[in-house]
Every structure is written in C-alpha cells, then in structure tokens.
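Trainee: I am new to this structure and would be grateful for a guided discussion of it. May we look at it together?

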Amino acid sequence: MTPRIHATPLEAVTETVEETVYIAGYRFRINRPAESDKLFDHPWVRSAYAADQYIPYWATLWPAARMLAKAVVRESWETYRQPIHVLEVGCGLGLAGIACLARGLTVTFSDVDETALIFAGANAQLNGFDTFKTIPIDFRSPPHDRKYPIVIGSDLMYEERLVNPLVGLLKAVLAPGGLCLIADPDRTAARVFKWKLQEAGYEVTTELIRAGEPGGERTKGTIYRIKRSAEI
C-alpha cells in the first residue's frame, strides 16, 4: 500500500492555546489548537475523511498521551544500553516524545499528518529542546529501512481496523530485542491488539495507569509493554 500522508491546513487552526502539563515532577508546555472540534467542519477535513476515513485527532491533547508521558518519565532508562533512540508513533502534539527528551533520550516524532509534526517540533522547542527528528509515517505502510530500540505511542487503536496495521508497523520498525510502550484508555480494540501480538510471538505485559486531567479528573488506562525477542 502506498503511504497516504495528510497535512491539515494551517488556516484551519484559527486559534491556539498553551497548556501546562504536570507529569511526575516535570512541567511541560504544550501549544495546541484552542478548539480542535472546529477542525472537523473544515472542507479539507471532510474531504480527507471521505477519501481515507482520516480525522485530525492529533489536535487534541488526549488522556492517553498523559499516561504515556507518565510511563516514560518513570521508566528506568539508565538500565538500557545508551544512547537510546525512540520513535514516537502518532505523536500528535508531541507530549510523550518531549517527556523522552526531558529524560535525555534521542527522539524521532512521527505522525501521518505533517501539521502534527509542525506542532510537535514547535512544542519540543517550546520546552527547550532542539535536537530531534520528525518523519511522516502512515503506519498502514511503514518504512522498512530503519529500526528503533524503543517505540512508543498512545491511543492508536481507536478503531479495530487499525490493529493489524499497528502490529505490522512494529514488525517493521521495532528492533529485535526492542521495547514498545503503548498507552491506551482501555478501548475494546486494545484487547484484540494484545492477542494479535502474542500470536505473533511478542511478550506483552500490562500495567494499570491513571492520568491527571485539568480540573482534577483522573482517567484510567493501560500501558502495554511489548518486547520483541531477537528471534522474531
């Protein structure tokens, strides 16, 4: 399948707002569209959905992104072989990747929407980081010319039709012996994802996690720790 990369028109983002996110002792500044729902009424978005069932979910700071950032800052990265290169899949506004940068990791932000990459890169710089990479990836047609020891992503399985492509993505980009961390707000498709991964020979463990939201609300979800053996 030929990759289908999108680019939400910047003109559709009429106003932005900066949100401060506190994660386990860290403080991150995230600039995002002020009213992401209004994007859905833009003619380009309607056309993208008709052509590819594409919706620019990247423009919202989802609870699962906070969960993943929390898992990232708590991880004992000192025990891993250095340097550590991370690929964030479906990075959206880039929160989890920025959390990786804060922990001293090398990060490549990826998303199917090039405008998301603009925001993720700008947010990384807003937090004082300028050494990172961005790359557009349609995980239905992943690159096969690069492997990463760490792959992360959040809320990627919002529809069951995305489960098989995501398993295929990990086969393509996760290095043998590598680790993938996926945060999910306990969507039904995630259970299918876990079963498919185990069927493919991956080791999968889960951990309950909660993310704090503005106003004091806490959202429950799951971190999937996916390990790829050297044999698969």
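Mentor: Let us begin with two definitions: two strands pair if DSSP finds at least two bridges between them. Helices (H or I, at least four residues) and strands (E, at least two) are DSSP runs, numbered from the N terminus. The model is predicted, so to speak of local features requires pLDDT of at least 70, and side-chain atom pairs count only at pLDDT 80 or more, while totals for chains, interfaces and linings use all residues. Residues are numbered from 1 along each chain as its sequence is written, and side-chain values use heavy atoms, with hydrogens and water left out.

Trainee: Which residue in strand 6 does Leu87 stand opposite?

Mentor: Strand 3 covers residues 85–89 and strand 6 covers residues 148–154; four bridges join them, and they run parallel. Leu87 stands opposite a residue of strand 6, namely Val151.

Trainee: What is the order of the strands in the sheet?

Mentor: Strands of a sheet pair through backbone hydrogen bonds, either parallel or antiparallel. Here the sheet is open, has seven strands and shows mixed pairing, in the order 5-4-3-6-7-9-8. Its edge strands, each pairing on one side only, are strand 5 (133–136) and strand 8 (203–212). To return to the order asked for, it is 5-4-3-6-7-9-8.

Trainee: Which residue of strand 7 is the bridge partner of Ile152?

Mentor: Strand 6 and strand 7 run parallel and are joined by six bridges. Within strand 7, the partner of Ile152 is Leu181.

Trainee: How many residues of strand 6 are buried?

Mentor: Buried means under 20% relative accessible area, exposed over 50%, and partly exposed in between (1.4 Å probe, protein chains only). By that definition strand 6 is mostly covered, and the buried residues among its seven number six.

Trainee: Is Cys100 buried or exposed?

Mentor: Cys91 has a relative accessible area of 6% and is buried. Cys100 has a relative accessible area of 0%, and is therefore buried.

Trainee: Which backbone oxygen does the side chain of Asn127 reach?

Mentor: Asn127 lies in the loop between helix 4 (114–126) and strand 5, and at 18% relative accessibility it counts as buried. Contact means heavy atoms within 4.5 Å; not counting residues up to four places away in sequence, Asn127 touches Arg27, Phe28, Arg29 and Ile98. At 2.7 Å, its side chain reaches the backbone oxygen of Arg29.

Trainee: Is Glu207 buried or partly exposed?

Mentor: Glu207 lies in strand 8. Leaving aside neighbours within four places in sequence, Glu207 is in contact with Gly221, Thr222 and Ile223. Its relative accessibility is 41%, so Glu207 counts as partly exposed.

Definitions and conventions:
A polar contact is a pair of N or O atoms within 3.5 Å; within protein, one must be able to donate a hydrogen and the other to accept it, and residues adjacent in sequence count only if both atoms are side-chain atoms.
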